[in-house]
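Me: I'm new to this one. Can you walk me through it?

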Amino acid sequence: MSDTLKRAAAERAAQLVTDGMRLGLGTGSTAAHFVAAIGARVRGGLKVVGVPTSEATREQALREGISLSTLDETPDLDLTVDGADELDDDLRLIKGGGGALLREKIVASSSQRMIVIADGSKRVPKLGRFPLPIEVVPFGLTATERAIARLLDSLSMTGELRLRRAADGAPYVTDGGHFILDAHLGRIDKPNVLASTLNNIPGVVEHGLFLGLATGAILATADGLVELGQL
Ligand SMILES: O=C[C@H](O)[C@H](O)[C@H](O)COP(=O)(O)O
């Protein structure tokens, strides 16, 4: 059911793509449906160029026959379409459940529009039930973790910081060669304060709060598609 909903949201987003667009291609199970839908349209004659947000998406897009570029060659994108782990009604997001937050944020920031596609279960009244991914440099991991814990304490936030691990038990390593600490916060009352203060900690590369980046969202529910913001 959830996969059918993800595909429905992705296919609606694919209809927004027109010839000549420079596209940011998101990462994750929902974004993969979008990449597949764009692949089908490319095989039907659509001309676009894509900038992938992960190695996994790059490989999928190549298999789909989508022309690819890099952000260095194509620094201004028209539209990025990506999934999310949570979003609220102000189009604030938590992303990074699949570990791709850093490239996703750089690509979204380089896009005129960012459209989130998700099944309706991702919509929440308040962010934070989904653990917030914080990407950190492996060097000095313990020091960085302690600095994050002190910051959370100073903001009266509680919650465990858990080093993300791969299936073999080793630390999960992102495409950028970093680790991820998942912050189990339960609720984030002041996302802007948390976002900006996390960015001040040496060793923190990026975090999964995407604030002011999404311009629209397509949410698929059992009752149909719900659109937020501008598509
Ligand atoms: O790092 C992964 C990305 O932020 C994904 O877009 C996010 O985790 C949502 O993934 P999915 O569509 O598989 O739920």
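Me: Which polar backbone atom is 2.9 Å from an oxygen atom of the ligand?
Reply: One of Ala100. That is a polar contact, a pair of N or O atoms within 3.5 Å. Before we go on: this is a predicted model, where local features need pLDDT of at least 70, side-chain atom pairs count only at pLDDT 80 or more, and totals for chains, interfaces and linings use all residues. Residues are numbered from 1 along each chain as its sequence is written, and side-chain values use heavy atoms, leaving out hydrogens and water.

Me: What does Thr30 do with its side chain?
Reply: An N or O atom there is 2.6 Å from an oxygen atom of the ligand. Gly99 uses its backbone: an N or O atom lies 3.0 Å from a ligand oxygen.

Me: Which residues come nearest to the ligand?
Reply: Thr27, Ser29, Thr30, Glu104 and Lys122, out of 16 around it. Near means a heavy atom within 4 Å.

Me: How does that shell split by class?
Reply: It has 9 polar, 5 charged and 2 nonpolar residues. Asp, Glu, Lys and Arg count as charged; Ala, Val, Leu, Ile, Met, Phe, Trp, Tyr, Cys and Pro as nonpolar; the others, Gly among them, as polar.

Me: New topic. How many residues are in the largest nonpolar core?
Reply: It has 25. Val17, Leu23, Phe34, Ile38, Val48 and Ile117 touch the most other members. A core here is a set of buried Ala, Val, Leu, Ile, Met, Phe, Trp, Tyr and Cys residues joined through side-chain atoms within 4.5 Å. Buried means under 20% relative accessible area, exposed over 50%, partly exposed in between (1.4 Å probe, protein chains only).

Me: And what does Ile38 touch?
Reply: Ala14, Val17, Leu23, Val48 and Ile66, leaving aside residues up to four places away in sequence. Contact means heavy atoms within 4.5 Å.

Me: Which residues are in the other core?
Reply: It has 24 residues, including Ile134, Val136, Leu152 and Ala183, and lies apart from the largest one.

Terms used
A polar contact is a pair of N or O atoms within 3.5 Å; within protein, one must be able to donate a hydrogen and the other to accept it, and residues adjacent in sequence count only if both atoms are side-chain atoms.
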